[in-house]
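Open your viewer and get ready to select residues by number.

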Amino acid sequence: MTTLRQRLVPYGLMSPGLLWLALFFVVPMFFMAWFSVSSGSLEAGWSLTWTFSNYTDAISNYTTQFGRSFLYAGAATILCLLLGYPLAYAIAFKAGRWQNLMLFAVIAPFFTTYLIRTIAWKTILEDSSPVVSFLKTIQVLPSDGRVLATSAAVIAGLTYNFLPFMVLPLYASLERLDLRLLEASKDLYASATQTFFRVTLPLTAPGIIAGVLLTFIPAVGDYVNATFLGGVNQSMIGNVIQAQYLVINDYATAAALSFTLMIIILIAVMLYIRFAGTEALMGDEEEASA
Amino acid sequence: MTDSTWKRPVTRLAIAAAGLAAALTVVACGSTGGTDNTDVPTAPGGKASGTLNISNWPLYIDDQTISDFEKKTGIKVNYTEDVNSNTDFFGKVQPLLSNGDSGGRSILTVTDWMSKKMYDLGYLQKLNPDDLKTVFNHLIPSLQDPAFDPGRTYSIPWQSGMTGLVVRTDLAPDIKSINDLFDPKYKGKVTMLDELRDSAALVMKADGVEPSEASTEEWLAAVDKVKGAKESGQIRRFTGNDYVQDLAKGDVVAAIGWSGDAVQAQADNPNIEYVQPEQGCILWSDNMSIPVGAPNSPAAYEFMNYVYEPENQAQIVEYVNYISPVTGVKEILTKKDPELANNELIFPSEKFLSKCSNQVSPPGDDAQQKEVENAWLSVVEG
């Protein structure tokens, strides 16, 4: 009898989480799916008509915004990785007694709300700000140019806002790195560069993958940065979905767009893990079996 | 013992699953039904007491009126500034209102077209004029019979305002017309509001089309003109009321904006000024209404009457700087604050408003309106 009871324990432990997911993920998903193939309006009510043209219309009307979202999120993710890896490396190996303080500094922005942090960038990048004057002085920017309300500003905002999501998993995997392996590499006459690319980088791949996913996925759906830092040609798909839901109350199009975005992200992530991920994540097993 | 031990979690799961299925069915059915206003109730009056929940826009009341009202009537007021935009607020409360629940609100405040939309959906109650004696004694004549609600059966104006040009007079002194916003000289230095009924309406007025008489094609033409200016880089951004900061910094030299914002911003920066467009402005009001399912409507009537007492209204106007819908306020303020009383933006003369139009929605049925709204959305969110 106790064995039966023991077998039930995991289900008992899982049930609050499952119930939570069912209520706040499965049920909303069901309604989104329902709306995405419905037709009607708020005034006349909605009815299920299996209108799959909601999808084709949504995709063909908003291809630009879809493309832009993936472009911005991709650029921000790459920038986050380029900025975040050296930072995480420095915190893990070079910071010494400053390590905790530096980690705190990475997390510190979270004490202010996301919205305020984004709006602060409006001040940093405004037309007459020191940053912009400096860029003009070194002729990166033409004298009548601007930073705010451009794609660059949106990507900068995304990069800034999602950087901690990149740094923390990178730090976690760097911190676990067995330093004796680096010594061994050195003993075997590998240069510092070779050691980095052939030992450190592959061993921290799980951190890179986690960081990339944690940065890229929320960045694709973001609309706050485009709202405040973008101009007239910087709307991302999140802005469109927001406006479809709340401004013109076209729930069908909004739901179809949300679903399409979700499916594209899912496919992209699966491809990414398949081609970039498995080898790094499962490398040990494959080697073991080989 | 064994039986009951292993059954219990299963039973619970089964109950949960059944509950979930039931909820799905209920909500799925609920969301299919449209609503209409044929059986809209009239909010009951009576002796006012208890608690009153009010939803209004930010910075739309002074900080004395509510406590004065509480002291005078003994009614406890929860005044919430949770209306930031008509559409966002609608999106938030619609699921409640469609089930006849006001979310505890007894008064909510939205703009003309949204008042009408909510009423047509059956979300607002009718008001009893016998319970609003003070309101109807002091409501200014020009607002007594608006086209969307003749005789004021479900909406009582809170404040009115103008949509026009807000300009940095030191940086762009020659902007006098909406058409000047399209001047290449100001490329990338102008913004428009993201509201179709403000921006597109002003653009068509500048081309000599009266919004209330415009056809769907004329609305689409105005949207197209804005689209061209957007694509050429003329328009920097479409904004909510955050255009004021852009103007203050000088990132933007001219914007389509609201009169009350301009009066408030001018106090901080004398170079920011409201300019009445040569071809006129768009006039609108935000209205108090009692939503369906509202608790304590007697207290709501009491509050509406209270803010229509000229003395009480003067106190609000002094702070918010929009156009008051109440008679006799100018006389009071002439004694208290002559500069305010002579401000054309707060007490506009008929001449100042002569070319202005009332804010309207695009014409036609649901599908035609949606066509214009979609076209506008694809410009704003392009």
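How many bridges join E4(B) to strand E7 of chain B, and do the two run parallel or antiparallel? Select residues 254-258 of chain B, which are E7(B): five bridges join E4(B) to E7(B), and the two run antiparallel. Strands pair if DSSP finds at least two bridges between them. Strands (E, at least two residues) and helices (H or I, at least four) are DSSP runs, numbered from the N terminus.

Some ground rules. This is a predicted model: local features need pLDDT of at least 70, side-chain atom pairs count only at pLDDT 80 or more, and totals for chains, interfaces and linings use all residues. Residues are numbered from 1 along each chain as its sequence is written, while chains are lettered from A and ligands numbered from 1 in the order in which they are written.

**Stop 1: strand E4**

Select residues 156-168 of chain B. Of the 13 residues of E4(B), 13 are buried, so the strand is largely enclosed by the rest of the structure. (Buried: 20 or more other C-beta atoms lie within 10 Å of the residue's own; exposed: 12 or fewer; partly exposed: in between; C-beta atoms are placed from the backbone.)

Now find the bridge partners. Then show strand E9, residues 282-289 of chain B, which pairs with E4(B) over seven bridges in the antiparallel sense. Look for Gln159(B) and its partner Asp286(B).

**Stop 2: two domains**

Colour domain 1 (51-160 + 285-341) and domain 2 (163-283 + 357-380) of chain B. These bounds come from an automatic or database domain assignment. Their C-alpha centres lie 27 Å apart.

**Stop 3: helix H7**

Select residues 216-231 of chain B. At 1.5 Å a residue, the 16 residues of H7(B) should span 22 Å, and the end C-alpha atoms are 22 Å apart, which agrees. (The expected span is 1.5 Å times one less than the number of residues.)

Which residues of H7(B) are buried? Trp219(B), Ala222(B), Val223(B), Val226(B) and Lys230(B) are. They cover an arc of only 95° around the axis, which puts them on the same side of H7(B). (The arc is that of the directions from the helix axis to the C-beta atoms.) On the other side, Glu217(B) and Gly228(B) are exposed.

Last, step past the helix to Gly233(B), whose phi is positive, near 85°.
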